[in-house]
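Here is a short briefing to read alongside the structure.

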Amino acid sequence: MTEAVHCHYHQSNAAIWHCEPCQKHYGDCCVPNVPEGYDEPACTLCHEQLTYLGAAHTAEPFWQIINKFFTYPVQLSSLSFLFVSVVIGLLAPYTGPAEPILSLIMMAVLIKYSLQIIEAVSFGSWEPPSLEDAFSADALSLFFKQMAIFFVGGVALYFIGSLGWIAFFAALFFMLLGVPASTMILAREQSLFSAINPIKIAFVMAAIGWPYLLLYFFLIVLSGGPAYFIGFQLEPSPATVAASSFLGGYFSFVMYAMMGYCLYQYQATLGYTAEMEEFGEVSEEDYRKSKAMADSLILMREGREEEALKAVKAALTNAATDLQLNKRFFQLLMLTASDEILQKFVGKYTQRLLIVRKDHEAADIYLEVRKRLKAYMPATASDRFKLAKALSETGKARESLRLLFNMHKTFPDFAGIPEAYLLVAKMLSENMNNDEQARVYLDYVIKKYPDSRKAEEAKVFRHVIDKLATQTA
Ligand SMILES: [Zn+2]
Ligand SMILES: [Zn+2]
């Protein structure tokens, strides 16, 4: 069984890449899919090409997903194929002299289709070949190759038999045991010579190891499936014929899917990983972004912050407004940049967040920055006010009040002062238990902005404060 290997930086993710010089494994978390036309991914740390491990570490063992094989044929394309086969099988006896030809064609198509199932599943696709694929002349040579394999096997057995009984039974045993391996090789490599090569067959069986015997056992059980349901009948009715050819097809698709999956699961050991799995289309823009995110994380973890910063900065030149990249850039600046650079960036970053109404995220960033820059203040009145509102909503009254302190002196023309000071008064009264100061702010609003709607609110609030004060007194 393949040992589970995880991404060096993400213990919960399976590894699909390996860097030989760094001796590190990476998951798809750290190595984003490349768009078409790009080079194969390289290691972030040493820039050497990575080795693809395929699904070796992500694929569940076939014996753990048995259910999936039983449902595999229950899909539109395979069911329509089975339906067509059953109908042809029922009509064949009435076609007179054409019957043997028709039966031969159906057998050829069935074998070809089954081998195509192995091939598809071995590439990680769970969609059976379409009806069109099944009846196209394409890959029909697989049928003749399969026949040739049986013929070569028979001839070989005949000659080996002349060496004596022991040799005969040893060869027979190996051949019977090797049937699934040979079939899998044929489906995957489509080469007659590989599929009859005893060394190749032995290699595949050895590479899979003991689970090959398990696979063999499953295949034997499954091949008895149709007989189990139908039993043997001397004079079968058309319904029985239909049912048995349907079940025969169904069980053989289950078996072939299982063999295909076995190739998929053991692709690394079998040396079939040269072919990359089909990934969805990736746009260059998405790629640049996820690459910068992944690289910067790896470099940060390795203590190479300067390089991480460079990677994110490069990505930001093409996607200045991307919030994830901005956040990562901020985290890196917090670690490495001078106060001036950090302050300049945070101003822009905060505005960007406020524009897209992420006031609470902006407030978190503000608190974060204050840990390093004790005297930090956002440059504009409206930024300060928005941050203060967000902070007061999460109960951080002290930080919020700091932002609004002396606003009427710093920004005398700011139109939001009445609203800001009303907020100050509320926090003073409710969070700081300071009604006296609260009254000062309310009075300021009432006196300074008598025509504003906030003045009315300020009066009401002042009234409430006074009333509560007399009650407690
Ligand atoms: Zn990772
Ligand atoms: Zn490396």
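Where is the place of serine 252? Serine 252 sits in helix 11, and this helix packs against helix 3, their axes coming within 7 Å. Please keep in mind that the model is predicted.

**Helix 3 and helix 11**

- Helix 3 covers residues 99-122 and helix 11 covers residues 238-265, and their axes cross at roughly 35 degrees.
- The crossing of these two helices is right-handed.
- On the helix 3 side, the contact is made by Leu110, Ser114, Ile117, Ile118, Glu119, Ala120, Val121 and Ser122.
- Helix 11 answers with Gly249, Ser252, Phe253, Tyr256, Ala257, Met259, Gly260, Tyr261, Leu263 and Tyr264.
- Sorted by class, the contact between helix 3 and helix 11 has twelve nonpolar, five polar and one charged residues.

**Two residues on these helices**

- Serine 252, one of the contact residues of helix 11, is buried because 21 other C-beta atoms lie within 10 Å, where 20 or more are needed.
- Serine 252 and glutamate 285 are 33 residues apart in sequence, and their C-alpha atoms are 45 Å apart in space.
- Isoleucine 105 belongs to helix 3.
- Isoleucine 105 has 16 other C-beta atoms within 10 Å, so it counts as partly exposed.
- Between the C-alpha atoms of isoleucine 105 and phenylalanine 135 there are 9.8 Å, with 30 residues separating the two along the chain.

**Nonpolar cores**

- In soluble globular proteins, nonpolar side chains tend to be buried together.
- The largest nonpolar core here has 61 residues, and Val312, Val424 and Ala425 have the most contacts inside it.
- Helix 21 (residues 417-430) gives the most to this core, contributing nine residues.
- Leaving aside residues up to four places away in sequence, alanine 425 touches Ala438, Tyr441, Leu442 and Phe461.
- Another core lies apart from this one and has 44 residues, including Leu142, Met184, Ala195 and Ile201.

- Three strands form an open sheet in the order 2-1-3, and the pairing is antiparallel.
- Strand 2 (24-26) and strand 3 (51-52) are the edge strands, each pairing on one side only.
- Strand 1 (residues 17-19) pairs with strand 3 over two bridges, in the antiparallel sense.
- Histidine 18 stands opposite threonine 51, which is in strand 3.

**Two residues with positive phi**

- Most residues other than glycine have a negative phi.
- Histidine 47 has a positive phi near 65 degrees, and its place is in the loop between strand 2 and strand 3.
- Histidine 47 is exposed because 9 other C-beta atoms lie within 10 Å, and 12 or fewer count as exposed.
- Asparagine 406 also has a positive phi, near 60 degrees, and lies in the loop between helix 19 (397-404) and helix 20 (407-410).
- Asparagine 406 has 7 other C-beta atoms within 10 Å, so it is exposed.

Methods
Residues are numbered from 1 along each chain as its sequence is written. Chains are lettered from A and ligands numbered from 1 in the order in which they are written. This is a predicted model: local features need pLDDT of at least 70, side-chain atom pairs count only at pLDDT 80 or more; totals for chains, interfaces and linings use all residues. Two strands pair if DSSP finds at least two bridges between them. Helices (H or I, at least four residues) and strands (E, at least two) are DSSP runs, numbered from the N terminus. Axes are lines fitted to C-alpha atoms, for helices over the stretch in contact, and angles run from 0 to 180 degrees between N-to-C directions. A crossing is left-handed if the near helix is turned anticlockwise from the far one by less than a right angle, and right-handed if clockwise. Two residues are in contact if their C-beta atoms, placed from the backbone, lie within 7 Å. Ala, Val, Leu, Ile, Met, Phe, Trp, Tyr, Cys and Pro count as nonpolar, Asp, Glu, Lys and Arg as charged, and the others, Gly among them, as polar. A nonpolar core is a set of buried Ala, Val, Leu, Ile, Met, Phe, Trp, Tyr and Cys residues joined through C-beta atoms within 7 Å.
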